[in-house]
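I set out to record what I looked up in this structure, entry by entry.

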Amino acid sequence: MPENSVKALLSESTTVVLSPGYEGANIGTIIGFKHVNYLVEKAVIEHFRRSGLPVGRLYEQHGLGFDITDIDSRLQTALVVDDQAMIEVTPTTGEGADALSFKVIITVERDGAPKRAVVSKVKAQLRTDDNDVRMLRRLPVPEGLEDFVTARIGGAEPGAAAPVVTDGTLISGGSAETDAVLDQLLAGRNAYGWKFRIPYPFVHFFERLQMSGYLRLMEEAKHRFVDARGISIRELLTEQNWIPAVTHSRVTLLDEALLEEDLYVVYTVEDIFKNLLYTSRLDTYVVRDGHLVQTSTGTITHAYGVVENGSEGRLVTFDDRVLAALADKRTVA
């Protein structure tokens, strides 16, 4: 590694211009929150590369896997598919920290002038691959990075005892909406949940669920929740041209979730603000040795908007039907 690479990583800001992925344009030409966070992650990875510490080389030479462990993003204006987004990454790691931290600002051009679109706070760790079959050699950890290296991400303590599940085994990527563990997790909550067998496309470094996988689950949780409550995304689009819009999202990893484990995903509505925004919490769990272990937690704040001509959007206030569904006060015919 070049001299002063760690110093640059920890003290010097970098700026990169990136375009969002076309896959993220679910709302006309507007980019959804998941792909906004992908841009944030990509910019942090580019910061490592420009500092002389490419994340691929850190793994190949030192057995250190780069993981985003916390991402907290506030969306101030929409990104669209044609944007050339200027992304500034500023190191914010404090003394004694066990994770690298960064502030990430995304700026886009609007009406011929720069406009701040996203502000994110990001934490990352370097996770050691201790598998001697895969890693036949490892160079020492680059000097100055030792504090940010971990043998395991998180390390949550076992929680409540989990009931025994006798239902059939899921195949990779399969899901179920009922079992005894879900009943326990959902009891007394204004929530929706499901069980999901973690498939290969959601993991990295051979086995563990990565941040992008959690972001995908957060997006899916919203869709499943409103569908289960009778206000599916397609239904509101067809009837009222309403589409969900995200103003804030955060995901924090608490422990590792592994390939082909059954992950319990719980989406709980917590607050409804002035009939314009609502905040939900997303929690995920696995069962190990008969106890629940929480692997992540997060929050997401949604509004509803109308989008015209691809990118011209405006927010709308919730009607009685949406409010009843969010609060689980629907009338059963």
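**Entry 1: a covered strand**

I looked up strand β2 (residues 64–75) and found it mostly covered, with eleven of its twelve residues buried. Buried denotes under 20% relative accessible area, exposed over 50%, and partly exposed in between (1.4 Å probe, protein chains only). I took strands (E, at least two residues) and helices (H or I, at least four) as DSSP runs, numbered from the N terminus.

I note that this is a predicted model, in which local features need pLDDT of at least 70 and side-chain atom pairs count only at pLDDT 80 or more, while totals for chains, interfaces and linings use all residues. Residues are numbered from 1 along each chain as its sequence is written, and side-chain values use heavy atoms, with hydrogens and water left out.

**Entry 2: partners of β2**

Strands count as paired if DSSP finds at least two bridges between them. I found β2 antiparallel to strand β5 (residues 113–128), joined by eleven bridges; there, D72 has K121 as its bridge partner. Strand β2 also runs antiparallel to strand β11 (residues 243–253), with five bridges, and S73 is bridged to S249 in β11.

**Entry 3: helix α3**

Which residues of helix α3 (residues 55–62) are buried? I listed V55, L58, Y59 and H62. Seen down the axis of α3, these fall within an arc of 110°, so they line one face of the helix; the arc is that of the directions from the helix axis to the C-beta atoms. The buried residues of α3 pack against α2 (33–50), β2 and β5, contact being heavy atoms within 4.5 Å. Just after α3, I noted a positive phi of about 70° at G63.

**Entry 4: nonpolar cores**

I took a nonpolar core as a set of buried Ala, Val, Leu, Ile, Met, Phe, Trp, Tyr and Cys residues joined through side-chain atoms within 4.5 Å. The largest has 78 residues, of which F48, L79, I87, I106 and Y304 touch the most other members. Helix α5 (residues 211–228) gives the most to this core, with eight residues. A second, separate core of nine residues includes V181, A191, Y264 and V266.

**Entry 5: S280**

Is S280 buried or exposed? I recorded S280 as buried because its relative accessibility is 0%. S280 is found in strand β13 (residues 277–288). Its side chain makes a polar contact with the side chain of Y267 (3.1 Å).

Terms used: A polar contact is a pair of N or O atoms within 3.5 Å; within protein, one must be able to donate a hydrogen and the other to accept it, and residues adjacent in sequence count only if both atoms are side-chain atoms.
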